[in-house]
Amino acid sequence: MEIAEIPVTDLPDDAVVLDVREPGEWALGHVPNAVHIPLGEVVARLSELPVVDGPLPVICRSGVRSAQVVGYLVAHGIDAANVDGGSLAWVSAGKPLAGGNGTPVVL
């Protein structure tokens, strides 16, 4: 199965994304409007997935874990796409981050 990907440059700074990183990674900084559901909890928390127009962007640090989640979601009829390059690409593109408490982060 081919995994759909979205370049970070195609996402607005206020995009709603699903962040599947671990809590410690999340606390270091995340996409401001991200919904945090760690990889190991996605299956049990499907009802908490955000509703977006078009495919749900899924992000992790580099794109590996999020690609696994996208594969699972698509196989179960949920339209989703992997954020190409993950959080590393988000930061490299100069996009904003929020801290674990929602405050802006400057790296």
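In what order do the five strands of the open sheet lie, and is their pairing parallel or antiparallel? The order is E1-E5-E4-E2-E3, and the pairing is parallel.

This is a predicted model, in which local features need pLDDT of at least 70, side-chain atom pairs count only at pLDDT 80 or more, and totals for chains, interfaces and linings use all residues. Residues are numbered from 1 along each chain as its sequence is written, and side-chain values use heavy atoms, with hydrogens and water left out.

View 1. Strands (E, at least two residues) and helices (H or I, at least four) are DSSP runs, numbered from the N terminus. Two strands pair if DSSP finds at least two bridges between them. Strand E1 (5-7) and strand E3 (35-36) are the edges; each pairs on one side only.

**View 2. Bridges across the sheet.** E1 and E5 run parallel, joined by three bridges. Isoleucine 6 has valine 83 of E5 as its bridge partner. Aspartate 19 has isoleucine 59 of E4 as its bridge partner.

**View 3. Helix H2 on the sheet.** Helix H2 (residues 64-75) touches E2, E4 and strand E5 (80-84) (contact: heavy atoms within 4.5 Å). Its direction makes about 170° with that of E5 (axes are lines fitted to C-alpha atoms, for helices over the stretch in contact; angles run from 0 to 180 degrees between N-to-C directions). In H2, Ser66, Val69, Val70, Gly71 and Leu73 are buried (under 20% relative accessible area, 1.4 Å probe, protein chains only). E2, E4 and E5 are among the elements that cover these buried residues. Just after H2, glycine 77 takes a positive phi of about 80°.

**View 4. Two nonpolar cores.** A nonpolar core is a set of buried Ala, Val, Leu, Ile, Met, Phe, Trp, Tyr and Cys residues joined through side-chain atoms within 4.5 Å. The largest has 14 residues; Leu11, Val17, Val31 and Trp90 touch the most other members. E5 and helix H3 (86-92) are the elements that give two or more residues to this core. Beyond its neighbours within four places in sequence, valine 17 contacts Leu11, Val31, Asn33, Ala34, Val35, Pro57 and Ile59. A second, separate core of 12 residues includes Leu18, Val58, Cys60 and Leu73.

Terms used. Buried means under 20% relative accessible area, exposed over 50%, partly exposed in between (1.4 Å probe, protein chains only).
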